[in-house]
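Me: Hi! Could you walk me through this structure, starting with a helix and then moving on to the aromatic rings?

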Amino acid sequence: MKYRIYAGAVLLAVLAAAVFGFSKRQTFTDLRREADFPDQLSVAQLSLSLTQMDCERMAQELPQVPYIFRVQVLEDVEFLFGASRQKVQVEEVYAGETVLPGDVLYLTGHCSLSLYAEPRSLECSFINLPVPGRQYLVFCQNTVEALDSSIPVYQLYQGSLIAPVFWDGSADHAIFPTDGENAYVPYSAVRSNEFFPADESALETWNALKADLLLRYPAAG
């Protein structure tokens, strides 16, 4: 009898957890279906001191990663439960002998959504969502096993705060004022940015790194 009571309690707990998880997943999916869903979220801006530290690290470490590509984005970021991936086509290979121009692959390790804490936010390592049709210089550290995909998955370099994704173009950047205690700002106020800096000096620091890397890994022709 005690065993049956215990087993029944465990079963009820599992069912309750499943219902809770399903309800959360439904909330996540419903938001993602809305065309302007990022405008309902917040993003964090990065301070000058952290930008300087991170850019110095990236300048030293990014040239050493095993996979360096110039890619063209084919689709919007696909948000999965707790992660994301984005389909791209390789245009040029600077490092990585197993990849050829023309290969289609997924990039992961860049973006996720935080929907169950306040503020609800888009967490993309201080870089905006890559835009389909644009070309980006990207730095990857390894491949990832994905049972649900026949397309190879490459994980972006994870050793920096800032995602190693650099658009081969230029954007007008808006910097949203904050009170110094909260780094989060409305995504709608900075949606045209490529990078999310807390001030102009942080933007200049990141722009210098980007310019150096694009010069080091130029487009053919």
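Reply: Happy to! First a term: buried means under 20% relative accessible area, exposed over 50%, and partly exposed in between, with a 1.4 Å probe and protein chains only. Helices (H or I, at least four residues) and strands (E, at least two) are DSSP runs, numbered from the N terminus. This is a predicted model, where local features need pLDDT of at least 70 and side-chain atom pairs count only at pLDDT 80 or more, while totals for chains, interfaces and linings use all residues. Residues are numbered from 1 along each chain as its sequence is written, and side-chain values use heavy atoms, with hydrogens and water left out.

Me: Thanks. Which residues of helix 2 are buried?

Reply: Thr51, Asp54, Cys55 and Met58 are the buried ones in helix 2. Looking down the helix axis, the buried residues fall within an arc of 105 degrees, so they line one face of helix 2. That arc is taken from the directions from the helix axis to the C-beta atoms.

Me: And what is exposed on the other side of helix 2?

Reply: There you find Ser49, Glu56 and Gln60, which are exposed.

Me: What do the buried residues of helix 2 pack against?

Reply: They pack against strand 10 (165-167) and helix 4 (200-216). Contact here means heavy atoms within 4.5 Å.

Me: Let's zoom in on Thr51. What does it touch?

Reply: Leaving aside residues up to four places away in sequence, Thr51 touches Leu46, Ile162, Phe195, Ala202, Thr205 and Trp206. Thr51 has a relative accessible area of 0%, so it is buried. Its side chain also reaches the backbone oxygen of Ser47 at 2.7 Å. For a polar contact, a pair of N or O atoms must be within 3.5 Å; within protein, one must be able to donate a hydrogen and the other to accept it, and residues adjacent in sequence count only if both atoms are side-chain atoms.

Me: Switching to rings: how many aromatic pairs does the structure hold?

Reply: It holds 10 aromatic pairs. In one of them, the rings of Phe37 and Phe79 have centres 5.8 Å apart and planes at 90 degrees, so this pair is edge-to-face. Rings of Phe, Tyr and Trp (its six-membered ring) pair if their centres lie within 6.5 Å; planes under 30 degrees apart count as stacked, over 60 as edge-to-face and the rest as tilted.

Me: Where do Phe37 and Phe79 lie?

Reply: Phe37 is in the loop between helix 1 (2-32) and strand 1 (42-44), and Phe79 is in strand 3 (residues 78-80), so the pair ties together parts that are 42 residues apart in sequence. Phe37 and Phe79 are both buried.

Me: What about Phe195 and Trp206?

Reply: Phe195 and Trp206 are stacked, at 5.0 Å centre to centre with 15 degrees between the planes. Phe195 sits in the loop between helix 3 (187-190) and helix 4, and Trp206 in helix 4, so the pair ties together parts 11 residues apart in sequence. Ring pairs also link Phe195 and Trp206 into a cluster with Tyr94, Phe139, Phe166 and Tyr217.

Me: Nice. Which ring does Arg134 lie over?

Reply: Arg134 lies over the face of Trp167, 3.7 Å from the ring centre. Elsewhere, the charged end of Arg85 sits over the ring of Tyr106, 4.3 Å from its centre. The criterion is NZ of Lys or CZ of Arg within 6 Å of the ring centre and within 35 degrees of the ring normal.
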